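Student: Before we go through this model, could you show me the sequence and the structure, and then let me ask what stands behind each label?

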Amino acid sequence: YQPVKIDRETLADLRPEEVYTADHRKHSKLLQVKFFRSMIPEVAIAVCGSCGNFFHQETWELEFLQNRCCPYCGSKDIDGISGKKSKSSL
């Protein structure tokens, strides 16, 4: 697997609801913001704002309802979560 790298102009042309970000600068100034695009838009995705891990939206919601935290890092900050609905769920 080789990730596709694109330039700033191409990234700007993508629809915002298709782009997910993981900002790792809060962990170290040497790390950068990474941008991701789901290749399967029918699958809703949630991103933990604390650790930057991606989850299927349904899995994230179930885990958060059961344990009140991110299943990976344990963060209880639900405001730091970004989730995007797929086209089929709108």
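**Labels and their cut-offs**

Tutor: By class, 14 nonpolar, four polar and five charged residues make up the lining of the largest pocket, where Ala, Val, Leu, Ile, Met, Phe, Trp, Tyr, Cys and Pro count as nonpolar, Asp, Glu, Lys and Arg as charged, and the others, Gly among them, as polar. This is a predicted model, in which local features need pLDDT of at least 70 and side-chain atom pairs count only at pLDDT 80 or more, while totals for chains, interfaces and linings use all residues. Residues are numbered from 1 along each chain as its sequence is written, and side-chain values use heavy atoms, with hydrogens and water left out.

Student: Why is Thr59 called partly exposed?

Tutor: Buried means under 20% relative accessible area, exposed over 50%, and partly exposed in between, with a 1.4 Å probe and protein chains only. Thr59 has a relative accessible area of 45%, and is therefore partly exposed. Its place is in helix α2, residues 57-67, a helix being a DSSP run of H or I with at least four residues, a strand a run of E with at least two, both numbered from the N terminus.

Student: How do you know that the buried residues of α2 are on the same side?

Tutor: The buried residues in α2 include Gln57, Trp60 and Phe64. They cover an arc of only 60 degrees around the axis, so they lie on the same side of α2; the arc is that of the directions from the helix axis to the C-beta atoms. The face of α2 turned away from its buried side carries the exposed residues Glu58, Leu65 and Gln66.

Student: Which label, buried or partly exposed, belongs to Tyr20, and which to Phe54?

Tutor: Tyr20 has a relative accessible area of 5% and is therefore buried, whereas Phe54, at 33%, is partly exposed.
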